[in-house]
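Thank you for making time this morning.

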Amino acid sequence: MMDKQSGRASRVGDVVLDMKNISLAFGGVKALTDISFDVREHEIRAIIGPNGAGKSSMLNVVNGVYTPQQGNIVFDGKTFSRMSPRRAAEMGIARTFQNLALFKGMSVLDNIMSGRNLRMKCGLLSQALRLGPAEREETRHREFVENIIDFLEIQAWRKTPVGRLPYGLQKRVDLGRALAMEPRMLLLDEPMAGMNIEEKQDMSRYILDVNDEFGTTIVLIEHDMGVVMDISDRVVVLDYGRKIGDGTPDAVRANPDVIRAYLGVDAQANATAAQA
Ligand SMILES: Nc1ncnc2c1ncn2[C@@H]1O[C@H](COP(=O)(O)OP(=O)(O)O)[C@@H](O)[C@H]1O
Ligand SMILES: [Mg+2]
């Protein structure tokens, strides 16, 4: 696998997403309390933390599914007190879901094509009638989707209903569906959950390749600490809805609050070794 730390930091650009003092509660449950962090263009930014820490809620604030009670979202220099899913999509923010949101009965090809809908400009009627421009546009979209299928190396399953694929491949299709939107920023909610080591390595490589080849900015929730340390530029650590750490993987790994809250004995040993 490519070494994230040395090769790529120079590509990271200016802040593209700035979350400012975000608070979100569900009734009495404080999911997020006064959290601020930023994401730079072309960066791979990880969000980690124990179950219930607020990670998925944070992604849902970013893409407008949840409305924070407090705080602002600055994307590309524009300030919002809330996003809407539609606006987020129009601004080029795509996401995958912790629990897959694919159409199980539909083929791999059609699932990825469904991610393309936002990009389709011609009306449904002209598409239905196969009038000239619509037909050409349809062909262009098909070509784009075929490129994604090649990129993710899932050609062999193009026509297979997604529900029949093993879980690891379904996760890859979900990534393909998000890529079909040609996102500027990709939000990945535990893209490697439930995978074996080999599948995790594959997915890590696809994420790095997306970041490299398309320049896509990536915000990634992930539990596997090895993966996070390998592929992310910077890491935010949440615990009980509060931010307890923010920095490079090495800095976060050495942060005593993080070690205490989350990383456990293993990381403590590593941190001690790193400091020695
Ligand atoms: N739609 C919701 N309604 C009520 N409570 C929610 C909702 N979404 C999340 N929560 C609560 O917010 C907290 C953070 O959840 P979540 O963001 O899913 O954490 P994580 O992704 O870090 O495991 C949890 O206590 C969870 O129960
Ligand atoms: Mg979650």
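I will go from the overall picture to the core, and then to the surroundings of the ligand.

What you see is a predicted model, in which local features need pLDDT of at least 70 and side-chain atom pairs count only at pLDDT 80 or more, while totals for chains, interfaces and linings use all residues. Residues are numbered from 1 along each chain as its sequence is written, and chains are lettered from A and ligands numbered from 1 in the order in which they are written.

The protein has eleven helices and ten strands, which are DSSP runs numbered from the N terminus, helices being H or I with at least four residues and strands E with at least two. Of its 276 residues, 38% count as buried, and by buried I mean that 20 or more other C-beta atoms, placed from the backbone, lie within 10 Å of the residue's own.

Now to the core, meaning a set of buried Ala, Val, Leu, Ile, Met, Phe, Trp, Tyr and Cys residues joined through C-beta atoms within 7 Å. The largest nonpolar core has 66 residues, and those with the most contacts inside it include Ile112 and Leu186. Domain 1 (4–92 + 183–275) and domain 2 (106–182) both contribute residues, so this core lies between them; the domain bounds come from an automatic or database domain assignment.

Let us stay with Leu186, which sits in strand S7 (residues 185–189) and counts as buried because it has 25 C-beta neighbours inside 10 Å. Leaving aside neighbours within four places in sequence, Leu186 is in contact (C-beta atoms, placed from the backbone, within 7 Å) with Ala94, Ala178, Val210, Thr216 and Ile218.

Finally, which elements give two or more residues to the shell around ligand 1? The shell, whose residues have a C-beta atom, placed from the backbone, within 6 Å of the ligand, includes Phe26, Val29, Asn51 and Lys55, and the elements in question are strand S2 (29–40) and helix H2 (55–62). The largest share, three residues, comes from H2. Eight of the eight residues of H2 are buried, so this helix is largely enclosed by the rest of the structure. After H2 comes Gly64, with a positive phi near 85 degrees.

Methods: Buried ≥ 20, exposed ≤ 12 C-beta atoms within 10 Å, placed from the backbone. Contact = placed C-beta atoms within 7 Å.
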